[in-house]
Amino acid sequence: RMSANGVDINSGSAQSYLYSLKKMNEIDRYNTRYNAMNAAFGYESAALNIKQEKNGIVIILDQESSADPSRLEFLGVTTSRVLRVKSESINSGFNRLLEILKIIEQKQTLTKKRIPIFVVWDTITKGKAEDDETASRMDARNRARVIKSRMNDLNPWLEKVDIILVLLNQVILSTDMYGNVNTSAGGGIGLKHDEHLRLYINKGK
């Protein structure tokens, strides 16, 4: 259409526009592919844990509403062994996880038996920070603030129970005004400070 209207698409601003459009399409495809692989890794790890820990508990905090039974089964997850927990916000996700960990810790104390726990949170930085938020307040800084505060509440309980906590996060590629590609992830310093291991999942060439 641009060429038909007499615009030279091989030079100047038109060429820059087409290059930028191509670059953004590539970045969009990468972001979609990366985040899909990210979620698949979390669920496949849960499937492996179910096979290895016959008496374990697998919990999926489904912030993205994407962990439907058919998808989990496709990735090898035995859905009858999974406790799928919905969370309306990041804050409510932490509340529900803490409630479950407290119950499990009490049971461990009574039975004197180890209860291995595997938790996948998909995706911790997705959606609103608190239940009563409006759309205008759903910004990255507020989500980071809540995550940092609630990780402080959660950390003592991670020492009391036998748990692997997998926090899936979205990594976003973007370009600056010079065309340089930058990588960023949400969650603020709270996630980076409290993590024991950080994995970047990428598709091999």
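1. Val120 has Val166, in β4, as its bridge partner. The model examined here is a predicted one. A second bridge joins Trp121 to Leu167 of β4. Altogether, β3 and β4 are paired in the parallel sense over five bridges.

2. On the pairing of β1 with β3, the sense is again parallel, and six bridges are found. As background, the strands of a sheet pair through backbone hydrogen bonds, in either a parallel or an antiparallel manner.

3. In what order do the strands of the open sheet lie? The four strands run β2-β1-β3-β4, and their pairing is parallel. At the edges are β2 (82–86) and β4 (163–167), each of which pairs on one side only. From one strand to the next, the twist averages 15 degrees. The helix α3 packs on this sheet and touches β1, β2, β3 and β4. Its direction makes about 175 degrees with that of β3.

4. Is β3 mostly covered or mostly uncovered? It is mostly covered, for six of its six residues are buried. In a regular strand, the side chains alternate between the two faces of the sheet. Both faces of β3 are covered: on one side lie Ile117, Val119 and Trp121, on the other Phe118, Val120 and Asp122, and all of these are buried.

5. The packing of α3 and α4 deserves attention. The two helices meet at an angle of about 5 degrees, and their axes are 10 Å apart. Because angles under 35 degrees count as roughly parallel, α3 is described as roughly parallel to α4. The residues of α3 that make the contact include Ile90, Phe94, Leu97, Leu98 and Leu101, while those of α4 include Val146, Ile147, Met151, Leu154 and Trp157. By class, this contact of α3 with α4 has 11 nonpolar, two polar and five charged residues.

6. Two loop positions have backbone features worth checking. The peptide bond from Asp122 to Thr123 is cis, with omega near -10 degrees; Thr123 is found in the loop between β3 (117–122) and α4 (140–158). Lys112, although not a glycine, has a positive phi of about 60 degrees. This residue is located in the loop between α3 (90–111) and β3. Since exposed means over 50% relative accessible area, Lys112 counts as exposed at 70%.

7. Why does Gln63 count as buried? Its relative accessible area is 10%, and buried means under 20%. Gln63 is found in the loop between β1 (57–62) and α2 (69–74). Leaving aside neighbours within four places in sequence, Gln63 is in contact with several residues, among them Trp121, Asp122 and Thr123.

8. Finally, the chain as a whole may be summarised. Its secondary structure comes to five helices and six strands, which follow the pattern α-β-α-β-α-β-α-β-β-β-α along the sequence. Of the 205 residues in the protein chain, 38% are buried. Among contacts with a separation of 6 or more, 71% are between residues 24 or more positions apart. The accessible surface of the protein chain comes to about 12600 Å², and 52% of that surface belongs to carbon and sulfur atoms.

Technical notes. Residues are numbered from 1 along each chain as its sequence is written. This is a predicted model: local features need pLDDT of at least 70, side-chain atom pairs count only at pLDDT 80 or more; totals for chains, interfaces and linings use all residues. Side-chain values use heavy atoms; hydrogens and water are left out. Buried means under 20% relative accessible area, exposed over 50%, partly exposed in between (1.4 Å probe, protein chains only). Contact means heavy atoms within 4.5 Å. Accessible areas come from the Shrake-Rupley method with a 1.4 Å probe; for residues, only the protein chains shown count as cover. Two strands pair if DSSP finds at least two bridges between them. Axes are lines fitted to C-alpha atoms, for helices over the stretch in contact, and angles run from 0 to 180 degrees between N-to-C directions. Angles under 35 degrees count as roughly parallel, over 145 as roughly antiparallel, 65 to 115 as roughly perpendicular and the rest as oblique. Ala, Val, Leu, Ile, Met, Phe, Trp, Tyr, Cys and Pro count as nonpolar, Asp, Glu, Lys and Arg as charged, and the others, Gly among them, as polar.
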